[in-house]
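Please look through the sequence and the model before reading on.

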Protein chains: 2
Amino acid sequence: MNQTILQRNNVNISGKGNQYMIFAPGFGCNQSMWRMIASEFEKDYRVVLFDYVGTGNSDLQAYNKERYSDLSGYVQDVLDICEAIDAHNAIFVGHSVGSMIGILASIREPKRFERLVLIGPSPCYENKLPDYYGGFSKEDLTGLIDLMEKNFAGWANYLASAVMQNPDRPLLAAELEISFCSIQPDIARLFAVATFFADNRKDLPLVPVPALILQSNEDVIAPVKVGEYVHQSMPQSTYKLMKATGHCPHMSHPEETIQLIHEFLGILIVKDKS
Amino acid sequence: MNQTILQRNNVNISGKGNQYMIFAPGFGCNQSMWRMIASEFEKDYRVVLFDYVGTGNSDLQAYNKERYSDLSGYVQDVLDICEAIDAHNAIFVGHSVGSMIGILASIREPKRFERLVLIGPSPCYENKLPDYYGGFSKEDLTGLIDLMEKNFAGWANYLASAVMQNPDRPLLAAELEISFCSIQPDIARLFAVATFFADNRKDLPLVPVPALILQSNEDVIAPVKVGEYVHQSMPQSTYKLMKATGHCPHMSHPEETIQLIHEFLGILIVKDKS
């Protein structure tokens, strides 16, 4: 294993089995946010947790503005990790932009992945009317980036509540807010631009492996219409509308998330040799 | 470097310089809680962050009840890391029980450490009247452990607020509470017993290196009287009563904490060759 990459992306591997299960965080999140669901899979899979460079406990010295100016740098992080651990036919679980990062990684190197689990995926946050509803106007998104520059702490507080919903359990949004605040503001801003201004709609039909779409029932970041769009555009996809609300069902509704992933993993997949 | 230990304790090394600066978390804390102060030292030191086995993103497979039934297992974690990175004459910064773990490690292997920074140290939480005031009766401590068994979430919420104080900034206590809750309850309980029922008063005079004691001005976990006791018992100690309040000044009052550590590190220490 390439120890430099494992240190750079703070890769932690646990569990048993012959197959890797790789968990990719969403924007501003870190690997500890998988704790409510990841340990459930340790008895059957080699669970791989990591942080993108610039987030969590990654090596900040490895950060470079050019590489991470769009999602391709984050995609390369995932592929670098796959190479370092020699992953083939892995299960990939991505949250939010992590699911788009997995989609792009699977197109670049199909052999690495057997199937994808996509929690709250969105190929494009900006409305492209009249054809596409992403949930946000261009002004909404520009305003969010402006707020990051003017008042980073205020932005983190606002966005964390909007992302998490479930206000009856304030510790959930607090965890997200703390994670946002732990990222250097300039790194967080570039990651936000790369995330919220991406348009990867044309990539969805190219996904070469089966995928489960977990769509939260009420999600202001990736609304139901977006999940349905992803399902319609992605050939081998299964769509599940959850009872869960908010954009982080793996944190707020771990039991339902685990159950739906188990059901999907129970489906036999026969893959061409490649 | 021994990669097994580095993976086991989720060791992350960053920064420049010829000297290691090792940050040891307190009970129930994880390495990300050092982020407000650790990066400040990266320009002059090789900053080492880690999680004790059983906490943070450590390898849970390496946990074993016997090893971690008292502080010696946690001390061994630190010494294993020192061996894995070949640390000599390192700066050790410990928070709360992390500072006692550093004290015991320095007695076992003096060559590893040049000096210690102790944030809120307490050699004994239980009052041993009439000679010693630790701040807690035996019933207080037993009650805290009982609460962990009966209502873990309630315990985490209660203790986090008591430890952090500074209720005007609720995100600080929330971060601590989230960290407590991320530990498996049986591991957290054994760590709590090892921490809160320890009595290491007799070890203080044996500390072979200079130490800075950072005593918070108002701290219900390690009161001022305890900090003064540590100072009186430890031969080469410097005592600073901070303006900061609460038991986590490195999180709640990072600027003052950084300044006092810088002052201490600026003092020239001539050490015998050993």
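## Report on the predicted model

A:Asn89 is partly exposed, with a relative accessible area of 33%; here buried means under 20% relative accessible area, exposed over 50%, and partly exposed in between (1.4 Å probe, protein chains only). This is a predicted model, in which local features need pLDDT of at least 70, side-chain atom pairs count only at pLDDT 80 or more, and totals for chains, interfaces and linings use all residues. Residues are numbered from 1 along each chain as its sequence is written, chains are lettered from A and ligands numbered from 1 in the order in which they are written, and side-chain values use heavy atoms, with hydrogens and water left out.

A:Asn89 is not a glycine, yet its phi is positive, at about 55 degrees. Its place is in the loop between helix H3 (71-85) and strand E4 (90-95) of chain A; helices (H or I, at least four residues) and strands (E, at least two) are DSSP runs, numbered from the N terminus. A:Gln165, also a residue other than glycine, has a positive phi near 50 degrees. A:Gln165 lies in the loop between helix H6 (152-164) and helix H7 (170-181) of chain A and is buried, with a relative accessible area of 14%.

Turning to the sheet, chain A has an open sheet of seven strands in the order E1-E3-E2-E4-E5-E6-E7, with mixed pairing; two strands pair if DSSP finds at least two bridges between them. Strand E1 (12-14) and strand E7 (237-241) of chain A stand at the edges with a single partner strand each, so one side of each is left without a neighbour in the sheet. From one strand to the next, the twist averages 15 degrees. E1(A) runs antiparallel to strand E3 (residues 46-49) of chain A, and three bridges join them. In this pairing A:Ser14 stands opposite A:Val47 in E3(A).

A:Tyr125 and A:Phe196 form an edge-to-face pair, with 5.1 Å centre to centre and 65 degrees between the planes. The pair links distant parts of the chain, 71 residues apart: A:Tyr125 in the loop between strand E5 (113-119) and helix H5 (138-150), and A:Phe196 in helix H8 (residues 185-196), of chain A. A:Tyr125 is buried, at 2% relative accessible area, and A:Phe196 is buried, at 6%.

| Arginine | Ring | Distance from ring centre |
|---|---|---|
| A:Arg201 | A:Tyr132 | 4.9 Å |
| B:Arg115 | B:Phe264 | 5.4 Å |

The peptide bond from A:Leu129 to A:Pro130 is cis, with omega near 5 degrees, and A:Pro130 lies in the loop between E5 and H5 of chain A.

Finally, the two copies can be compared. Chain B is superposed on chain A (RMSD 0.0 Å) by a rotation of 180 degrees with 0.0 Å of shift along its axis, using least squares on the C-alpha atoms of residues with pLDDT of at least 70 in both. The two copies are thus related as by a two-fold rotation axis.

Notes: Axes fitted to C-alpha atoms, helices over the stretch in contact; angles between N-to-C directions. Phe/Tyr/Trp six-rings, centres within 6.5 Å; stacked < 30°, edge-to-face > 60°. Lys NZ or Arg CZ within 6 Å of the ring centre and 35° of its normal.
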